[in-house]
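The following report describes one protein chain from its computed geometry.

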Amino acid sequence: MRSLLVACLVLVATAARAQVPESLVEPQGEEVPVSQDMTPPAPPKQPVPVCPTALPALRTPIAFMPGEELEFDLDAMGAQAGKMTMKVQRPDKGTLPVSVEAQTNTFFSKVRRVKGVGTSYLHPRTLRPSRYTEDAVENEVARKVDVAFGSKDRTVKVDYVMGKRSGRFNYTYDKDGLDVAGAIYLLRQLPMKEGLPLCFDVYGIRRMWRMTGTVVKREHISLPIGEFDAWYLTGTAVRLDRPAQKREVHVWISDDARRLPLVAVGTIDLGAVRATLTSYSRPGEKQKKASQGKEELKW
């Protein structure tokens, strides 16, 4: 379930991971036992520019709550690839856990079978993560990741196990450090306005990436689940230790009190990958599902 697009702007990441060549996503070099530390690769000769400012203060009240569940269709290169579910869990030891679970369908499993869940443990007010975990199976290979975020020293400590291999990485982030599961929930709370710049560091695929983007405009979109006025966000994720690796992303978030993530589109080497909201349920509200035969958002 490791993310392809490396920012939680990218809801499609979990299933789309199957389309990335292993040489692009696996850390280079020898694996080491979890009990030892592995230093990240040396910084590139031309480092990625730092974020000019931190993310703006979040709007209140929080748009989501424990019990909210969002369901998405995943499409890769024009074909349906699987399903994804995002859930807000009950508070746990002072954190607000949110999870993203994905599974490829029978058709896409011919390319790669993926089933997994990523969980981000967020501060209930700042929505910054203190911990992030992944538990997935890809082509019968178990993959587990446990990431600890240190807010005081801005550290990111990654312990991972892939089949019989394991290792540890230590990173730091600039002004804001997020993870691929929790970032979309934070983005839902931004004080949206046209031209708002966005920049933050995000953990994904056992690496740190810098996402730079913009709130482009407010526009009306039509989806099988309904009609929405939405904010359109676009950005590019750049891998900090290998700036040549970039991923473009586009996201639409509803402009209402619910701030629903409606659509996310990302580009990979082989084409476009998309996640589209098909159902949502929220405490105190009737579940809403997509109707059949309704025109979809065109790309």
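## Aromatic rings

Phe169 and Tyr171 are both buried (under 20% relative accessible area; exposed is over 50%, partly exposed in between, with a 1.4 Å probe and protein chains only). The model is a predicted one, in which local features need pLDDT of at least 70, side-chain atom pairs count only at pLDDT 80 or more, and totals for chains, interfaces and linings use all residues. Residues are numbered from 1 along each chain as its sequence is written, and side-chain values use heavy atoms, with hydrogens and water left out.

A pair of aromatic rings is described by the distance of the centres and the angle of the planes. Rings of Phe, Tyr and Trp (its six-membered ring) pair if their centres lie within 6.5 Å; planes under 30 degrees apart count as stacked, over 60 as edge-to-face and the rest as tilted. Five aromatic pairs are present in the structure. One of them is the stacked pair of Phe169 and Tyr171, at 5.9 Å centre to centre with 5° between the planes. Ring pairs also bring in Tyr160, giving a cluster of Tyr160, Phe169 and Tyr171.

## Chain and strands

The chain contains three helices and 16 strands, taken as DSSP runs numbered from the N terminus (helices H or I, at least four residues; strands E, at least two). Of its 299 residues, 54% are buried. Among contacts (heavy atoms within 4.5 Å) with a separation of 6 or more, 55% are between residues 24 or more positions apart. The accessible surface is about 13400 Å², with 52% belonging to carbon and sulfur atoms; the areas come from the Shrake-Rupley method with a 1.4 Å probe, and for residues only the protein chains shown count as cover.

| Pair | Direction | Bridges | Residues between strands | Positive phi |
|---|---|---|---|---|
| β5 (residues 129–138) and β6 (residues 141–150) | antiparallel | eight | two residues | Asn139, near 50° |
| β6 and β7 (residues 155–162) | antiparallel | eight | four residues | Arg154, about 55° |

Within these pairings, Arg131 has Ala148 of β6 as its bridge partner, and Lys144 stands opposite Val161 in β7.

Asp201 lies in strand β10 (residues 197–204). Is Asp201 buried or exposed? Asp201 counts as buried because its relative accessibility is 0%. A polar contact is a pair of N or O atoms within 3.5 Å; within protein, one must be able to donate a hydrogen and the other to accept it, and residues adjacent in sequence count only if both atoms are side-chain atoms. The side chain of Asp201 makes such a contact with the side chain of Arg210 at 2.6 Å. A polar atom of the Asp201 side chain also lies 2.8 Å from the backbone nitrogen of Asp174. Leaving aside residues up to four places away in sequence, Asp201 touches several residues, including Tyr173, Gly177, Trp209 and Leu240.

The whole structure has one disulfide (a pair of cysteine sulfur atoms within 2.5 Å). Cys51, in the loop between α2 (22–25) and β1 (69–76), and Cys199, in strand β10, are 148 residues apart, and the pair links distant parts of the chain. The S to S distance between Cys51 and Cys199 is 2.0 Å. The torsion about the S-S bond of Cys51 and Cys199 is about -75°, so the disulfide is left-handed. Cys51 is buried at a relative accessible area of 2%, and Cys199 counts as buried at 9% relative accessibility.

Conventions
Two strands pair if DSSP finds at least two bridges between them.
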